[in-house]
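Please look through the structure shown here before reading on. The report that follows takes its features one group at a time.

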Amino acid sequence: MKYSITKNISLFRYQYDKKKLFEGAWPIKDGVSVNAYLVQGNEKTALIDYVEEGASFDEELKDLGLTVEDIDILVLNHMEPDHTGGLRDFFKRRPDIPVYCTKVASTELISLYDKKDAHVIKPMEELDLGGTTLTFVPLPNVHWPDTMGTYVKEEGILFSCDAFGAFGETKSVFDDEMTDDERKLLETETERYYANIVAPFSNFVLKAIDAASALELKMICPSHGILWRKDVKFIVDWYKRLATYFAGPREKEITMLLSSMYGNTKALADELVKKAEEAGAKMHVVRIPDDGVSFLLEKAWRSEALVVAAPTYEKAMFPEAVYAMDLLARKGLKGRKSMFFGSSLWSGGAANEYKALAEKMALDVVDAIDYRGVGTEADRAKVFAAFDQIIAAVK
Ligand SMILES: Cc1cc2nc3c(=O)[nH]c(=O)nc-3n(C[C@H](O)[C@H](O)[C@H](O)COP(=O)(O)O)c2cc1C
Ligand SMILES: [Fe+2]
Ligand SMILES: [Fe+2]
């Protein structure tokens, strides 16, 4: 779909198939948009980013009375195939189109699409399209090393690539058009997108925010999700907060990763949920594998405390819980106040595996308790005592 942003800038918005997993991993039952932008100067027209394989912007161009032949310049902010897969076909139709991108992107462009003649931008290099100027702003490692933003100084618009993006398909295009339901959707879908996609690069996000803050920003147009024009500061501050969760401080909340085959571990987890409620502590319980690691990442990323509850399985931790913890570690989750408990029957072993993982993640471990079956009074007392310390940490 094509939408007007200013008199000479258009949004080409493509909706990802909700049945697919984004990046082959993340469920998107509420969708995600892929945003590209057409900037029409008095002399030249530039397309900023493209779309996944099998799709094109022919219809959007037609809406403007244009064809691919009318695009003079292709700017690629980031080479990830959600924004470039369709180029395989596009380059067959426009083999000689000038491409502007970073040095890293230029090598990826060869590896992926055998296009060898890209123009490698210099930081803050300008390109005059005739009355409209593009400035290329490197934003390395947000989300890949190749990433940059493109800024239009005449309008104060930053095309920020994956930075400031979100999951979630909305009817609205701009922040000031959002309905209450859309706002509610984006509350969680922005954080889930951040935790799933951007989290490991949080230090680079903070640098990118510094770089963006040096520009006069009237509008932020990311490559996924809503465009921000009324409250640019809101999304910048939100992203800053999300990036800050990497090293802390974080929200005074508890996330519990809960796996249970037959309900023994869950029974004790339910008692802890009640205790948290009584103490007025905010706790998110995410069932693994049932609810999915994507949602665990979202909640755990913002939370100061991580409780892991999982039974023993082949003398070690329930495998899906191990996978979930490994994923948290890879996404840069570290330093949380944490505890473990879980049911076993003859050997135990989950607690030891948790301790090894927790050490790798520099978690601040209160206790790790394997118990047999439903646990003795003494086992349960140990779990409750550890949980009291977790609650104290989020008070
Ligand atoms: C496939 C499988 C492997 C298991 N391996 C172990 C084990 O190595 N050591 C042990 O103490 N218990 C083991 N157990 C027993 C469970 O830990 C025990 O049934 C526990 O109460 C399950 O907790 P849950 O009800 O929360 O799923 C295993 C159970 C299953 C189904
Ligand atoms: Fe990306
Ligand atoms: Fe993307």
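## Charges over rings

Lysine 275 lies over the face of phenylalanine 384, and the distance to the ring centre is 5.1 Å. This is a predicted model, and what is said here about distances and angles should be read with that in mind. A charge is also placed over a ring at phenylalanine 174, where the charged end of arginine 229 sits 3.6 Å from the ring centre.

## Two iron ions

The iron ion (ligand 2) is coordinated at 1.9 to 2.4 Å by four residues, namely His78 through NE2, Glu80 through OE, His143 through ND1 and Asp162 through OD. Along the chain these donor residues follow the spacing H-x1-E-x62-H-x18-D. Histidine 78 belongs to the loop between strand S7 (73–75) and helix H2 (81–84), while histidine 143 belongs to the loop between strand S11 (133–138) and strand S12 (148–152), so the pair ties together parts that are 65 residues apart in sequence. Both histidine 78 and histidine 143 are buried. The four donor atoms of the iron ion (ligand 2) make angles of 85 to 165°, and the site is irregular.

The iron ion (ligand 3) is coordinated by Asp82 (OD), His83 (NE2), Asp162 (OD) and His224 (NE2), at distances of 2.1 to 2.4 Å. In sequence its donors are spaced D-H-x78-D-x61-H, and the site is irregular, with angles of 87 to 176° among the four donor atoms. Aspartate 82 has a relative accessible area of 6%, which is under the 20% cut-off, so this residue counts as buried. Histidine 83 is buried as well, with a relative accessibility of 0%.

## Aromatic pairs

The model holds 17 aromatic pairs. In one of them, the rings of phenylalanine 90 and phenylalanine 91 have their centres 6.1 Å apart and their planes at 70°, so the pair is edge-to-face. Phenylalanine 90 and phenylalanine 91 are both buried, and they belong to one aromatic cluster together with Phe12, Tyr50 and Phe57.

## The largest nonpolar core

The largest nonpolar core has 69 residues, and those with the most contacts inside it are Tyr194, Tyr239, Met317, Met325, Phe340 and Tyr354. Several elements each supply at least two residues of this core, among them helix H5 (180–198), helix H6 (202–213), helix H10 (319–330), helix H11 (350–360) and strand S17 (303–309). The largest share, seven residues, comes from H7.

The buried residues of H9 are Val293, Ser294, Leu296, Leu297, Glu298, Ala300, Trp301 and Arg302.

## An exposed lysine

Lysine 274 is part of helix H8, which covers residues 264–279. Is lysine 274 buried or exposed? Its relative accessibility is 52%, and as the cut-off for an exposed residue is over 50%, lysine 274 counts as exposed. Between lysine 274 and lysine 337 there are 20 Å in space, taken from C-alpha to C-alpha, and the two are 63 residues apart in sequence.

## Backbone details

Two cis peptide bonds can be described here. The bond from valine 142 to histidine 143 is cis, with omega near 20°, and histidine 143 is the residue in the loop between S11 and S12 that also coordinates the iron ion (ligand 2). The peptide bond from glycine 248 to proline 249 is cis too, with omega near 0°, and proline 249 is found in the loop between H7 and strand S15 (251–258).

Methionine 124 is not a glycine, yet it has a positive phi of about 65°. Methionine 124 is placed in the loop between strand S9 (119–120) and strand S10 (126–128), and at 42% relative accessibility it counts as partly exposed. Cysteine 161 likewise has a positive phi, of about 60°, although it is not a glycine. Cysteine 161 lies in strand S13 (residues 157–161) and is buried, with a relative accessible area of 1%.

Definitions and conventions
Residues numbered from 1 in each chain as written. Chains lettered and ligands numbered in written order. Predicted model: local features only at pLDDT ≥ 70, side-chain atom pairs only at ≥ 80, totals over all residues. Heavy atoms only, no water. Donors = N, O, S within 2.8 Å, 3.2 Å for Na, K, Ca; no water. Tetrahedral: all angles 85-135°; square planar, octahedral: opposite > 155°, others 65-115°. Helix = DSSP H or I, 4+ residues; strand = E, 2+ residues; numbered from the N terminus. Buried < 20%, exposed > 50% of the residue type's maximum accessible area, 1.4 Å probe, protein only. Phe/Tyr/Trp six-rings, centres within 6.5 Å; stacked < 30°, edge-to-face > 60°. Lys NZ or Arg CZ within 6 Å of the ring centre and 35° of its normal. Core = buried A, V, L, I, M, F, W, Y, C linked by side-chain atoms within 4.5 Å.
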